[in-house]
Amino acid sequence: LFGNEYSNYASVGGATNRVPKGLRRQPRRIVVTGGAGFVGSHLVDKLIARGDNVIVIDNFFTGRKENVMHHFGNPKFELIRHDVVEPILLEVDQIYHLACPASPVHYKYNPTNVMGTLNMLGLAKRIGARFLLTSTSEVYGDPLEHPQKETYWGNVNPIGVRSCYDEGKRTAETLTMDYHRGAGVEVRIARIFNTYGPRMSIDDGRVVSNFVAQALRKQPLTVYGDGNQTRSFQFVADLVDGLMALMEGEHVGPFNLGNPGEFTMLELAEVVKEVIDSSATIEFKPNTADDPHKRKPDITKAKELLNWEPKVSLKEGLPRMVTDFQKRGYPPLRADGA
Ligand code: NAD
Ligand code: UDP
Ligand code: UDP
């Protein structure tokens, strides 16, 4: 696991390329796995805007070319169709590892979390790149501590329908720390709480995209269970700022990155009604198994060590998502154009 059988491949980048503090920064070469996805594409925008060279690796399982198409033709941008479950050879300075089927309706389908993370850690080790893992608040499972601090070990069902994701990310965190301790790889771990915003998949089943799409289509908002379960919703731009602060900072983590504003699903439905359509109705549906009852990040650590905290409230963020959904043709026009 920690050998170096790739030493035949010349490394032209890596940690040696980093610029000492105080000097003007050279553009970095950065890989973003999952960069054609929702969070990844916003991260790519910000890295490119900062002047860095970005290689996106994505197999388009849930991501879309449209999310990054505006960079086509830019020599600082490269898009590789590749499944991170397979090894890959590249030379870069930093790896943001986001590739993962991230919605409950998708994530049971493949072993990306373990095999993909292992390959990206192997790559980071060979070339001396800094590696950032996007883990998740799901590592806390159905938490018995509230709000959740990074020191909490979680309450996860190892054999349930969500386990592939929860345990997959827990394993990914373990691998990340093992490569850090065992092979000296520079690593960073973010535990991301529920995030929403433009470019979210419209039909991937997450609650914010469901409610917004339903309100725009004049369909009832589907509340699962009694709607008293809570989540804390973070706007994607805040998350991207947090991921970059983490990557550039000196602390391994894990760090909770989320917005501590906590809402029940019924409260969320009310905000969506207020922002989009006050006449929207609610339809109750059975909840999925092992659904966490509550979730809210304690972000003291990120505030203190990364000097980061979210800035965008749900009421400010939701309208930006509505504009994006409408630009993408939602609600779909009827055949008669009405
Ligand atoms: P997303 O589905 O939009 O993006 C994931 C991207 O990874 C997609 O572009 C997909 O095509 C790609 N991908 C999946 N499997 C792949 C594979 N085997 N090889 C290459 N590419 C692959 O999801 P997102 O919301 O942007 O999530 C990004 C990351 O953040 C994920 O790791 C997710 O677990 C984490 N996260 C997200 C949230 C959230 O609320 N959005 C919360 C916690 C953690
Ligand atoms: N790997 C990769 N690109 C690289 C270096 C490694 O995809 O540039 C993959 C490699 O194929 C392996 C994984 O990363 O599956 C872990 O690599 P490591 O060298 O740590 O482990 P080993 O190959 O010794 O099991
Ligand atoms: N949920 C809901 N209606 C929907 C989709 C989801 O009430 O149309 C609920 C779901 O049961 C969960 C919460 O919203 O309690 C958040 O679900 P999501 O899939 O968005 O994220 P996660 O469960 O990963 O936090």
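Strands (E, at least two residues) and helices (H or I, at least four) are DSSP runs, numbered from the N terminus.

Strand β1 (residues 29–33) pairs with β4 in the parallel sense over 4 bridges, and Thr33 stands opposite His97. Strands β4 and β5 also run parallel and are joined by 4 bridges; here His97 stands opposite Leu133 in β5. Two strands count as paired if DSSP finds at least two bridges between them.

## Basis of the model

This is a predicted model, in which local features need pLDDT of at least 70 and side-chain atom pairs count only at pLDDT 80 or more, while totals for chains, interfaces and linings use all residues. Residues are numbered from 1 along each chain as its sequence is written, and chains are lettered from A and ligands numbered from 1 in the order in which they are written.

## Chain overview

The protein chain has 8 helices and 13 strands. Of its 338 residues, 43% count as buried. Among contacts between residues at least 6 apart in sequence, 81% join residues at least 24 apart; a contact requires C-beta atoms, placed from the backbone, within 7 Å.

## Strand β6

Strand β6 (residues 187–192) has 6 of its 6 residues buried. Val187, Ile189 and Arg191 lie on one side, and Arg188, Ala190 and Ile192 on the other. Strand β6 runs parallel to β5, with 6 bridges joining them, and Arg191 in β6 stands opposite Ser135.

The largest nonpolar core has 73 residues, and Ile95, Tyr96, Phe131 and Leu243 have the most contacts inside it. Such a core is a set of buried Ala, Val, Leu, Ile, Met, Phe, Trp, Tyr and Cys residues joined through C-beta atoms within 7 Å. Leaving out residues up to four places away in sequence, Leu243 touches Leu43, Tyr96, Leu132, Ala190 and Leu257.

Helix α5 (residues 236–248) has 13 residues and reaches 18 Å from its first C-alpha to its last, close to the 18 Å expected. The expected span is 1.5 Å times one less than the number of residues. Buried residues in α5 include Val236, Leu239, Leu243 and Met247.

## Asp178 in helix α3

Asp178 is found in helix α3 (residues 163–183). Asp178 counts as partly exposed because 15 other C-beta atoms lie within 10 Å. Its C-alpha atom is separated by 9.8 Å from that of Leu121, 57 residues apart along the chain.

## Ligand surroundings

Ligand 1 has 29 residues around it, of which Gly34, Gly37, Val39, Thr62 and Gly63 come nearest. A residue is near a molecule if its C-beta atom, placed from the backbone, lies within 6 Å of it. The shell around ligand 1 divides into 14 nonpolar, 13 polar and 2 charged residues. Ala, Val, Leu, Ile, Met, Phe, Trp, Tyr, Cys and Pro count as nonpolar, Asp, Glu, Lys and Arg as charged, and the others, Gly among them, as polar. Helix α1 supplies the largest share of this shell, 3 residues.

Of the 14 residues around ligand 3, Arg206, Val207, Asn210, Thr222 and Tyr224 come nearest. The shell around ligand 3 has 5 nonpolar, 6 polar and 3 charged residues. Strand β8 gives the most to this shell, with 3 residues.

Note on methods
Buried ≥ 20, exposed ≤ 12 C-beta atoms within 10 Å, placed from the backbone. Contact = placed C-beta atoms within 7 Å.
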